[in-house]
2 protein chains.
Amino acid sequence: IENQLQAAISGSTSNGVNKEVFRQTLVNTLERRLFYIPSFKIYRGVAGLYDYGPPGCAVKSNVLAFWRQHFVLEENMLEVDCPCVTPEVVLKASGHVEKFTDLMVKDEKTGTCYRADHLLKDFCKEKLEKDLSLPVEKVTELKHVLAVLDEFSAEELGSKIKEYGITAPDTKNSLSDPYPFNLMFQTSIGPSGLSPGYMRPETAQGIFVNFKDLYYYNGNKLPFAAAQIGQAFRNEISPRQGLLRVREFTLAEIEHFVDPDDKSHPRYGDVVDLEFLMFPREEQMSGQEAKRLRLGEAVSKGIVNNETLGYFIGRVYLFLTRLGIDKERLRFRQHLANEMAHYAADCWDAEIECSYGWIECVGIADRSAYDLRAHSDKSGVPLVAHEKFLEPREVEKLVIAPVKKELGLAFKGNQKMVVEALEAMDEKEAMEMKATLESKGEVEFQVCTLGKAVTIKSCMVSISKEKKKEHQRVFTPSVIEPSFGIGRIIYCLFEHSFYTRPSKGGDEQLNVFSFPPLVAPIKCTVFPLVQNQQYEEVAKQISKSLTAVGISHKIDITGTSIGKRYARTDELGVPFAITVDTTTTVTIRERDSKDQIRVPIEKVASIVKEVTDGQSTWGDVQWIYPTHSSISADE
Amino acid sequence: IENQLQAAISGSTSNGVNKEVFRQTLVNTLERRLFYIPSFKIYRGVAGLYDYGPPGCAVKSNVLAFWRQHFVLEENMLEVDCPCVTPEVVLKASGHVEKFTDLMVKDEKTGTCYRADHLLKDFCKEKLEKDLSLPVEKVTELKHVLAVLDEFSAEELGSKIKEYGITAPDTKNSLSDPYPFNLMFQTSIGPSGLSPGYMRPETAQGIFVNFKDLYYYNGNKLPFAAAQIGQAFRNEISPRQGLLRVREFTLAEIEHFVDPDDKSHPRYGDVVDLEFLMFPREEQMSGQEAKRLRLGEAVSKGIVNNETLGYFIGRVYLFLTRLGIDKERLRFRQHLANEMAHYAADCWDAEIECSYGWIECVGIADRSAYDLRAHSDKSGVPLVAHEKFLEPREVEKLVIAPVKKELGLAFKGNQKMVVEALEAMDEKEAMEMKATLESKGEVEFQVCTLGKAVTIKSCMVSISKEKKKEHQRVFTPSVIEPSFGIGRIIYCLFEHSFYTRPSKGGDEQLNVFSFPPLVAPIKCTVFPLVQNQQYEEVAKQISKSLTAVGISHKIDITGTSIGKRYARTDELGVPFAITVDTTTTVTIRERDSKDQIRVPIEKVASIVKEVTDGQSTWGDVQWIYPTHSSISADE
């Protein structure tokens, strides 16, 4: 709780000012260079909708290509691609129609809508920051409110808003009571107006409803994973935090289906020795910090629930750090008991620290059998797996046999509901009923579908345990779900990659994105040193050879000084610049070190390919080719 | 017209039966192997929504990756990524809110909706097929209706439906008059309910509204192209034709911005000698067939409006044929005058022939300045380009100078509207007004914004032509738009790649997809010939080396006969199968020829990579490595 509180009030410290300046410089650069653009800008935009411009779009497609390579290809996952438009029945089964809501208040005069928790949070933070005369007990109270805010019911939020006299921020008008607003974009499928639909709030449901076919496709074998990349939609009440909280975003989700009795993973050994920051429930509750743990230890000590969950935590760590996320600002935080859905076995978020605080970018949850059961129930199609036994096994099975004649006499038209309720008892309930019937001869029994209790007598049902031979086991698989918010990962990557350095003259700060070649929007640029036909010919020839090996690049033949051209591409995070200054050899400059080597023209493409594909490092090629010391360039 | 007619009644010939059988075999295979799945199948699905299952999804991502390589990377296009949720104002400007409709009729009792033109088309086709006693003039009439159906207004459709006594197909109830139904999925942005939005019907608008930023990003230079891949949505009234007419689909669109006075293209020379089937307007009108034309000839003769349009037609041809579309079933059909929007300069569709007839898969249109002007007008932000002159140029400019004092006296409160209307006159109108004012002293002048004509006297406005020195030209660029329906291309690719061949025993027909390696969902499979630990070790080692070079593959270690395993992967279109039958060398089998070569284990990955990347052909490697004649396998 202390830690949630720290996170909640962070940004109010003096450090907060630097963060604001840093973020402003970054955001200016991102918008100016069209990494992203507020959508529909010429119409004054729409809150929570952003376009990726050319370099942002390239970064995004690199991140997604690497995700496909790292997860789908390397793990042999079954990738699917389902529509965004989703009929209501699917999202009723998943619980989204009922529960995918935020609490909202309305300005009672203008009708403007606000998120209730945001208003309360802002009020508490501002009080704590600005009202220095606040008595100690008030400070404690406000800090407590901030810490538990996320758990508040509509009533609790409403009464706090009343108690603190919070009004609409713009008009100071009074506010309505908080009420739930469903965050799904609603629409209508077909022309009749009778088939409500929603834009999916996550991609996972498309995988769950296909479980049966996918299981068959996988040769009826567990475990297997399905994956999907696609758009998801949340009609946020009042989007804030720029690219972090938006109304439409790209999700990449994995649903790994596994036998609930065996959550081992065949490739667990590949990640067992990884060490990184983890923040288990225990440490959060006792006010400690996240700590460096060996993944194998976290699993063997039972901190992480099972091997498969551990395996994916490790794979996510590798994915994020290879993209360029700083290890020191990445932690895996376990959900507290009150954060987790009741059915979840365990849940960890990959959180990345940026100027907004620690941001959840990937959720890795063991959701047990919840989703498949929900769709089985609603659709009537069993979403189950089978384990065939080599030899038949003897098992003790609960047998509930309602005596329909007696039940019919006693309950007439309600007989069917009573029979169903009896048959639906689990082992514990049934054995309790058996004991009561044997001792008292009758028992009160709650029938949900009737909305009342009925009296069951011993003649109406026989309950026993029988030994049976079984040839297979039928069960609902557990689902382990790593879910990636691609936009959030990309924004954090922008923050972790961005730095400034003084220009040659020291009179201005130049912006640099230190993207690894894997994600850089363009891998290299080609500059003729001066405007001259011979050099331009060479540049075009190099360009052709780069295209042939699939390296994205740009030629810049403007007459601008070479220093300025370097600065321009540094600001796009281009890792290598090729400068044509002779017709036989050219220089290659590395962005962060600004070191240059001289290489023959016919070698350029293969060298750039090697270092961008990661087959060689810049250090490797520096060993082979002579250093070029420039006097005319930017350094 | 004759040709439209042929297309409209095709499928009714005896050939039509074979087509149906072919399509049914194909669709069964596609669904059984999960190339695609009707979405939300366990809930009995939703018409017009499909999922791509694992192999379909892999084909799709290969097609998109090649699209990016062929267009975005090779042509240095600016790729953007905009949201699907779009505010109403944008789609009002583009005309979609008003005009993106189909005509619908309702069953007057049940309310079931139908597309009016579908009912009329079905009626005419059935009559022509089944009613052999039809008099000649009736046959001619029905054929004519089929040919001109697409041009019918609501009134014309309604009166034909009444005249022919067409009723609701399922109930035979009478039908409402036809009325327009907007095909966009509507929704609401934010919680207020006051901001209507739509799911975009195309991706193009996201590019147009960003024109200003993209032009700046491109160094304020023309021409340049922007591109976008993404989901688009059309709420079809009653989707038919399986994967061809769906409610959600992936579009890949290019908007190439070009000076309207110079539509040359720097790389036009690369495509000028391509020869393929073209179907110009002339040939369609005179009832001829599509004919083989050299692209350069079609452009130089003015059949294709300009070089840039021609360049993209050529690039689209290369794209589609490299994917595996059969050249003989691909044609470029020019829009007839009545098919084209009034603003379009020229428009060609890449049509692919499949069992449904000739299907429009790519549209390539010169949309002139329409889209940018529409958004300039609506947003008030000028979306224009500048051409700076090296030397100032003397130009004759129209000067319209309203005399505000006189106009104020005459029109009072309406003065502003009159002034604006006068200033908006084009050169022709203005010079006519000048002439009339000089001869008659006054002129009637229609002011749209007032909805009436006013009398303008010579004292109220001075019109003249003046010579001015200009330093730059400001103009609205033309847009040339190639727009790709990715799902349709993929479906046609399925049809063109599918064939059957008899099994070894000749007792059954085996299905094969002859996908080129570029689009094949998996590039190769690895089979240990018999279940045996040594062979499995080798298979795993080969698998690792394939992953290292980025080749997607599958190991199949089931004990099934090798012939059956080959057949299984042929049905997925896997081009190469590696069979482990010793611990030092293995065989590689090519899918279509069923030829096998024997290669050392350490060479396998690099050989498969070479032939899938297209650096070598199968013929090349057959020269190098010994043929393996199998007696145990499927052939």
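Helix axes in these legends are lines fitted to C-alpha atoms over the stretch in contact, and angles run from 0 to 180 degrees between N-to-C directions. The views show a predicted model, in which local features need pLDDT of at least 70 and side-chain atom pairs count only at pLDDT 80 or more, whereas totals for chains, interfaces and linings use all residues. Residues are numbered from 1 along each chain as its sequence is written, chains are lettered from A and ligands numbered from 1 in the order in which they are written, and side-chain values use heavy atoms, with hydrogens and water left out.

**Figure 1. Packing of helices α3 and α18 in chain B.** Helix α3 (residues 54-73) and helix α18 (residues 486-497) of chain B pack at an angle of about 115°, their axes lying 11 Å apart. Helices (H or I, at least four residues) and strands (E, at least two) are DSSP runs, numbered from the N terminus. B:V59, B:K60, B:V63 and B:L64 of α3(B) meet B:I486, B:I490, B:L493 and B:F494 of α18(B), where contact means heavy atoms within 4.5 Å. Seven nonpolar residues, no polar residue and one charged residue form this contact of α3(B) with α18(B). Ala, Val, Leu, Ile, Met, Phe, Trp, Tyr, Cys and Pro count as nonpolar, Asp, Glu, Lys and Arg as charged, and the others, Gly among them, as polar.

**Figure 2. Packing of helices α3 and α13 in chain A.** In chain A, helix α3 (residues 54-73) packs with helix α13 (residues 307-323) at an angle of about 145°, with the axes 11 Å apart. From α3(A), the residues A:V63, A:F66, A:W67, A:H70 and A:F71 meet A:R315, A:V316, A:L318, A:F319, A:R322 and A:L323 of α13(A). The contact of α3(A) with α13(A) comprises eight nonpolar, one polar and two charged residues.

Figure 3. The buried residues of α21 (residues 604-613) of chain A are A:V604, A:A605, A:I607, A:V608, A:V611 and A:T612; buried means under 20% relative accessible area, exposed over 50%, and partly exposed in between (1.4 Å probe, protein chains only). The buried residues of α21(A) pack against β24 (524-528), α19 (533-548), β26 (576-580), β27 (585-590), β28 (596-600) and α22 (618-624) of chain A. Just after α21(A), A:G614 adopts a positive phi of about 85°.

**Figure 4. The surroundings of A:T476.** A:T476 is located in the loop between β20 (461-475) and β21 (478-485) of chain A. With a relative accessible area of 14%, A:T476 is buried. Residues up to four places away in sequence not being counted, A:T476 touches A:P260, A:A369, A:L372, A:R373, A:L383 and A:V384.

**Figure 5. The surroundings of B:T86.** B:T86 belongs to strand β4 (residues 85-87) of chain B and is buried, with a relative accessible area of 4%. Neighbours within four places in sequence aside, B:T86 is in contact with A:F40, B:L91, B:I189, B:G197, B:Y198 and B:R200.
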